[in-house]
Amino acid sequence: MRAGDLSALSPEYVRRIAPYVPGKPVEELAREYGLAEKDIVKLASNENPRGPSPHVRQAIVEAVAGITRYPDGNGFALKTALATRFGVEREQVVLGNGSNDILELVTQAFLRPGDEAVYSQHAFAVYPLATQARGAIGVAVPARELGHDLDAMRAAITPRTRIVFVANPNNPTGTWLSPGAMKSFVASVPQDVLIVLDEAYNEYLAPTHRSDTASWIANHPNLVISRTFSKAYGLAGLRVGYGLMDVSVADMLNRVRQPFNVNSVAQAAALAALADA
Ligand SMILES: *Cc1c(COP(=O)(O)O)cnc(C)c1O
């Protein structure tokens with residue numbers, strides 16, 4: 001340790017975190033290899049190559065006029081629109097600085113050091129990161145044909161498990177679990193274990209492959225659904241996502257989130273995107 005290095009003051013579980021390696025920005029790749037930016041096709045982060053619609057771009061321009069003010073910390077308009085869309089109460093919607101924020105908030109509100117979180121091998125890289133940042137123990141269940149082995153994940157749940165993460169469809173392996181398989185899994189998980197169902201790619205599924213998972217929350221209050229405006233809606237750079245959950249779960253997430261975690265331009269863009277099918 002060099003003189004003045006204060007990293008040892010940080011908890012051991014933070015020091016053990018292997019930092020997330022993001023997809024390299026196009027500008028950086030162009031610099032490194034002497035390429036023209038226009039010749040580079042970036043596939044690493046599943047961004048939407050078309051970007052947002054003209055209607056959404058217009059909403060962004062209009063929202064810029066108001067950026068001297070703090071955003072609506074309760075996200076009233078966007079939460080109302082999402083609640084209507086999914087047939088839930090507004091109090092069941094939590095907005096996030098990207099859906100990544102929702103994943104972080106669930107771990108922050110529900111994991112104590114030593115608790116366990118279960119996820120699949122080859123699932124989204126943020127589940128182990130968010131788990132470890134709380135001093136909790138990540139349990140990676142071996143994948144089956146690169147996808148989630150739901151039976152094995154169910155069997156990995158112990159009395160110490162507080163959260164089980166499921167990405168459907170999954171990133172990075174692109175596997176998918178049918179609504180029937182997902183529904184029986186949700187029903188099989190003990191009520192005192194939160195199921196975080198990460199549906200970042202839900203909008204890409206054929207309508208016949210989708211199911212109204214939000215309607216399951218009424219019978220399964222331990223189910224948390226996370227969605228994002230980053231992928232299908234083409235707004236990755238603005239950072240806006242949301243979670244749908246029981247009111248009691250939302251209440252805990254709202255206590256640990258930053259008061260203004262979703263900026264005003266992002267809220268306006270998301271609202272316009274939702275209205276522009
Ligand atoms: C991209 C992605 C997210 C989070 O994206 P945000 O930009 O933070 O909303 C979450 N889960 C999966 C599986 C993803 O691929």
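Modeller: On a 1 Å grid over the protein atoms alone, a pocket is an open set of points with protein on both sides within 12 Å along at least five of seven lines, whereas a cavity is a set where a 1.4 Å probe fits but cannot get out; lining residues have an atom within 4 Å of a point. Grid points are joined across faces, edges and corners, and a volume is the space filled by probe spheres set on the points. This is a predicted model, in which local features need pLDDT of at least 70 and side-chain atom pairs count only at pLDDT 80 or more, while totals for chains, interfaces and linings use all residues. Residues are numbered from 1 along each chain as its sequence is written, and side-chain values use heavy atoms, with hydrogens and water left out.

Biologist: What is the volume of the second largest pocket, and which residues are closest to its centre?

Modeller: The second largest pocket has a volume of about 340 Å³. Of its 18 lining residues, Glu203, Tyr233, Ala273, Asp276 and Ala277 are the closest to the centre. Helix H4 (76-86) and helix H10 (264-275) each supply at least two residues of this lining; helices (H or I, at least four residues) and strands (E, at least two) are DSSP runs, numbered from the N terminus.

Biologist: How is the lining of the second largest pocket divided into nonpolar, polar and charged residues?

Modeller: Nine are nonpolar, four polar and five charged. Ala, Val, Leu, Ile, Met, Phe, Trp, Tyr, Cys and Pro count as nonpolar, Asp, Glu, Lys and Arg as charged, and the others, Gly among them, as polar.

Biologist: What volume does the largest pocket have, and which residues are closest to its centre?

Modeller: Its volume is about 820 Å³. Of the 38 residues that line the largest pocket, Tyr20, Ser45, Phe124, Asn171 and Lys231 are the closest to its centre. Helix H5 (99-110) and helix H6 (126-132) are the elements that give two or more residues to this lining, and H5 gives the most, with four residues.

Biologist: Why is Leu146 called partly exposed?

Modeller: Buried means under 20% relative accessible area, exposed over 50%, and partly exposed in between (1.4 Å probe, protein chains only). Leu146 has a relative accessible area of 49%, so Leu146 is partly exposed. Leu146 is found in the loop between strand S3 (137-141) and helix H7 (150-155), and its phi is near 70°, a positive value in a residue other than glycine.

Biologist: What makes Arg239 partly exposed?

Modeller: Arg239 has 29% relative accessibility and therefore counts as partly exposed. Arg239 also has a positive phi, of about 65°, although it is not a glycine.

Biologist: Why is H3 called roughly antiparallel to H10?

Modeller: Helix H3 (residues 54-64) and H10 pack at an angle of about 150°, with their axes 8 Å apart. That makes H3 roughly antiparallel to H10, because angles over 145 degrees count as roughly antiparallel, under 35 as roughly parallel, 65 to 115 as roughly perpendicular and the rest as oblique. Axes are lines fitted to C-alpha atoms, for helices over the stretch in contact, and angles run from 0 to 180 degrees between N-to-C directions.
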